[in-house]
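Please keep the structure in view while working through each answer.

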Amino acid sequence: MRVMAFTSRNIKELLRDPISYVFCLGLPIVMLIVMTLINDSIPVVPGTPKIFNIEKLTPAMTVFALTFIMLFACIRVSGDRSSAFLTRLYASPMKSGDYIMGYTLPFGIIALFQIIITYTSGEIIALINSKSFDIINALLSVPLLFPSMVLFIGIGIIFGTILNANAAPGVCSAVITATAILGGIWMDIDTMGGAWKTVCGCLPFYHSVKYARFALEGNFTDMLNPLLICSAFAALIFVIAVLVFSMKMKSDKR
Amino acid sequence: MKTAIKINDLTKKFGNKIAVDKINLEIYEGELFGLLGINGAGKTTTIRMLTGLSAVTDGEAEILGHSIKTDMQEIKPLINVSTQETAVAGNLTVRENLELIANIYGMNKSDIKGSIGEIVTSLELDEVISQRAKTLSGGWQRRLSIAMALITSPKIIFLDEPTLGLDVIARRELWKVLENLKGKITIILTTHYLEEAEALCDRIAVMAKGKIKALGTAKELKKSADKDSIEDAFVEIVGGGV
């Protein structure tokens, strides 16, 4: 009951903020269109695949779009903490688990819609370009992105808990940039190799993008390893989010 | 009279600074009790300890027979609080804010509907019921904040500076609301508006430097300080006699 009430409030707060539509739903679609147009403008080099191919771009953009969910989760948590609203709730029978679930569920629901819309947009763009995704693979990709969803919402809750409302968006922007560069959204990190690939491999973003691409290809054998790594990161981040939020709740009461 | 709150040597320290210094109080059910003091006297810290928002350094307090140190989870459904800052969800309407708090406190659907009807009528929130909280004026937001504290039918309500920053009209309207609640529930009100405490409170505790300097009705405080006005009595009690 408490979780559902708090979840409902957070969904309403998010849906009534027009900026969230622009960032969470509009931007991924615009990026897909822009990158496809850029891809079409790049001259064909025989034997070299184009870098922004829609089959590669759509899953990567879906993961990238989750960073905006992280941003909004972070803004919501830090905003609540800086207002007296959370103080009121601290005096209510709500427990730390209720807050975590109440923040995670609404952003999870929005993320789910975001994933579906991004894949649908990718499919439409693919069809316009006389290509198509395997529908079964695309459908399977949606639940398979659950670990990435948890990962980014968890990061958002952590930053929203430890940072104030002014600092939180700035730090999240750094994570968004890091995801784009270190996750291989715009480039194929596997072809780069070296120290750069090692650095990327130590972070969850690269694995998240990699398994999303394998999932859409239907290459479930190669998908397993990055999926497991990303799931481990997601579980770790979520546990840290719960601990950090609980500790902050306690320290606020000192 | 039954005791609603019993405070024994309640103390709060922030490092070496003593914010609340071994206060002792007994507040009765149905009483409108005022905590009066200048800024930094320890009023808000006392409220924060009693509502579980701040840990107790030393001493003890019982709310309706439950210890604030060990039984806070049992106490929470029985009390509610309206904090010094307006605590509303800005993008939710007035009705949604009330429903949110009612649901968090586990009220059932039919009770919520009835309670909202009662609260909206008694606090005259009808005209703004469908308005988003962030579009309301400060006075209306404060009124909503109090309504959110009352919606759960608490046995004890803590109102921390409920009229702070309100204009005279809005403040008088809130006084009317509080007067209507008198006797029905126990109200702990902190304020530094002397006339407010005198007009509303059954008894007043005057706090200064974390201690309770005087306790009684407004009349008793004036008599003990040998002053005709509550303002002069207050100045005398807190040690700033002129």
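Q: How confident is the predictor in chain A on average, and which helix of chain A has the highest confidence?
A: This is a predicted model, and 98% of the residues of chain A score a pLDDT of at least 70, with an average of 90 for the chain. Confidence in chain A is lowest in helix 9 (residues 189-192), where the mean is 80. The highest confidence in chain A, at 95, belongs to helix 7 (residues 146-162).

Q: How many helices does chain A have, and why can it be called as compact as a globular protein of that length?
A: Chain A has zero strands, and its elements are twelve helices. The globule rule gives 18 Å for 254 residues, and the radius of gyration of chain A is close to that value, so the chain is as compact as a globular protein of that length, with a radius of gyration of 19 Å.

Q: What share of the residues in chain A is buried?
A: Along its principal axes, the C-alpha trace of chain A spans about 65 × 40 × 30 Å. Of the contacts in chain A with a separation of 6 or more, 80% join residues 24 or more positions apart. A residue counts as buried if 20 or more other C-beta atoms lie within 10 Å of its own, and among the 254 residues of chain A the buried share is 46%.

Q: Which helix of chain A gives the most to the side that touches chain B?
A: The contact takes 20 residues from chain A and 23 residues from chain B. On the side of chain A, the elements that give two or more residues are helix 1 (2-15) and helix 4 (84-90). The residues on this side of chain A divide into nine nonpolar, two polar and nine charged. The element of chain A that gives the most to this side, with six residues, is helix 1.

Q: Which residue stands opposite Ile5(B) in strand 4 of chain B?
A: Strand 1 (residues 3-14) of chain B pairs with strand 2 (residues 17-28) of chain B over eight bridges, and in strand 2 the bridge partner of Ile5(B) is Ile27(B). Strand 1 of chain B also pairs with strand 4 (residues 58-63) of chain B, in the antiparallel sense over five bridges. In strand 4, Glu62(B) is the bridge partner of Lys6(B), while the residue opposite Ile5(B) is Ile63(B).

Notes
Residues numbered from 1 in each chain as written. Chains lettered and ligands numbered in written order. Predicted model: local features only at pLDDT ≥ 70, side-chain atom pairs only at ≥ 80, totals over all residues. Pairing = 2+ DSSP bridges. Helix = DSSP H or I, 4+ residues; strand = E, 2+ residues; numbered from the N terminus. Contact = placed C-beta atoms within 7 Å. Nonpolar A, V, L, I, M, F, W, Y, C, P; charged D, E, K, R; others polar. pLDDT = per-residue confidence, 0-100. Rg over C-alpha atoms; globule rule 2.2 N^0.38 Å. Buried ≥ 20, exposed ≤ 12 C-beta atoms within 10 Å, placed from the backbone.
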